[in-house]
Amino acid sequence: MTRGMLKKMSLPHGGKLVDRCRLTDSVEINRSNVLYVDRDRAEDIENIAHGVFSPLEGFLCYNDLENVMENMRLEDDTPWTIPILLDVDREKLLDFKGSDRIFLVNKENGLVAEMEIEEIYQVEKKKVAQKIYGTIDTSHPGVANLYGMNDMFIGGKITLLKEGRKEFEKYTLWPRETRVLFKEKGWRDIVAFQTRNPPHIGHEYVQKTALTFVDGLFINPLVGRKKKGDFKDEVILSAYNALIKNYYPRDRAVLAVICTSMKYAGPREAIHHAIMRKNFGCTHFIVGRDHAGVGNFYGPYDAHEIFSNFPDLGIIPLFFRSFFYCKKCGGVVNEKICSHSEEDRINFSGTKIRAMLREGKIPPEDMMRKEVAQAILSFDNPFVE
Amino acid sequence: MVEKKFTTISIPTALAEKIKKRIEGTGFHSLSAYVTYVLREVLASMEEEEADEAFTKEEEEKIKERLRALGYLD
């Protein structure tokens, strides 16, 4: 009997894994009650329906939003730090007059969901920006995105009727599936790693350090809307496959994607990332330096400190400080365990690695595994145009 | 603006004094903040212990089939 069979699976956030899927082959839509949603909102809908955002059963109503802003908790005291909102054009609302149910449709991927309108409300975007992002500066991408939304919002439960087409079907696992997978593998303690980039040696060091103390590693790249110059999602997956195949023990790592947009909300988003991974069945979550940060909006370890506000989070954060190659230590270390000077240290510069790959060069082996670099360079253009 | 909802709980004065001393110089700014923190922690650990299995055998088999088809399980 494995250790995993001796203990129940870790509890989803809020106590129960949400399932708002009522999939059907024939969906009859009342055209006047349709709200077309973009890719980000379609991803939110699927994440709610499949329990990634448990305990949310729909888009936030005003009281929950206020509580998330003021207390970093839902109205029922469950920790929650990032508002999941559905905005709507004022004129469109006239079409819904008198209806308490609408259909949410994404034209691009064919997703269809039904929504019970519980509340329609207006928010002061400046206030939301200040509370969630800690700034109203529009150079912050999360703030800019919020300001680009309509002024009116709809709150209420959703039901997924038709799944959207997936770009990475093979790598799409939902919390119900990962929970069964981890149980089958006999994993009790699972550490999740959030990423948006192909792995360099520093990432490998962090993952393997964490894996030393748990049963399994869940590598969970965030795929979705990207910025120009970012690595393409398929490149990240291919690079990780190369790393796992060549350098990880068989049956100790699982690679699957999570489809949601980055909010760049720094510390608040670190909590959100941890909650999502808790719902996937993970017991630990790696939090690095400036997790989910952008520019200089957050302190390098704000995303570590925020966890002290949540004794009831239900997932253990594993904090990593800056890591680097130390010539004197002769390996990858971090500032907590290395006494040598800055001159002895070689930092893992994402910019430097990116520049080399852009020129078609393989970075040095103390920066990136050869197999990983080759996987990246096998793409004509690994970067988002 | 959402009204913040609080309630009053009585604890022995001596205990309250001990806690006040305990939280001096920590990040806790009040007795209430500390008690709230501890109670949240205790409740969360109790809920964890009471967790039930989430799936029926049939659901689990169906999921395993998909995991095999995707190559996650042998």
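Visitor: Which residues of the largest nonpolar core touch the most other members?

Guide: This is a predicted model, in which local features need pLDDT of at least 70 and side-chain atom pairs count only at pLDDT 80 or more, while totals for chains, interfaces and linings use all residues. Residues are numbered from 1 along each chain as its sequence is written, and chains are lettered from A and ligands numbered from 1 in the order in which they are written. A nonpolar core is a set of buried Ala, Val, Leu, Ile, Met, Phe, Trp, Tyr and Cys residues joined through C-beta atoms within 7 Å, where buried requires 20 or more other C-beta atoms within 10 Å of a residue's own, with C-beta atoms placed from the backbone. Of its 104 residues, those touching the most other members are Ile45(A), Leu104(A), Ala113(A), Ile158(A), Ala192(A), Phe218(A) and Ala239(A).

Visitor: Which helix provides the largest share of this core?

Guide: The core draws at least three residues from each of domain 1 (13-162) and domain 2 (169-377) of chain A, with bounds from an automatic or database domain assignment. Helices are DSSP runs of H or I with at least four residues, numbered from the N terminus. The largest share, seven residues, comes from residues 233-247 of chain A, helix α8.

Visitor: What radius of gyration does chain A have?

Guide: The quantity is taken over C-alpha atoms, and the globule rule is 2.2 Å times the number of residues to the power 0.38. For 385 residues this rule gives a value near 21 Å for a compact globule, and chain A therefore agrees, having 21 Å.

Visitor: Which element gives the largest share of the side of chain A that touches chain B?

Guide: Counting two residues as in contact if their C-beta atoms, placed from the backbone, lie within 7 Å, 20 residues of chain A are in contact with 21 residues of chain B. Two or more residues on the chain A side come from each of α2 (62-71) and α6 of chain A. The largest share, six residues, belongs to α6(A).

Visitor: Are α6(A) and α3(B) roughly parallel or roughly perpendicular to each other?

Guide: With axes fitted as lines to C-alpha atoms over the stretch in contact, and angles running from 0 to 180 degrees between N-to-C directions, α6 (residues 175-185) of chain A and α3 (residues 57-70) of chain B come within 9 Å and cross at roughly 85°. Angles under 35 degrees count as roughly parallel, over 145 as roughly antiparallel, 65 to 115 as roughly perpendicular and the rest as oblique. The two helices are therefore roughly perpendicular.

Note on methods:
Buried ≥ 20, exposed ≤ 12 C-beta atoms within 10 Å, placed from the backbone.
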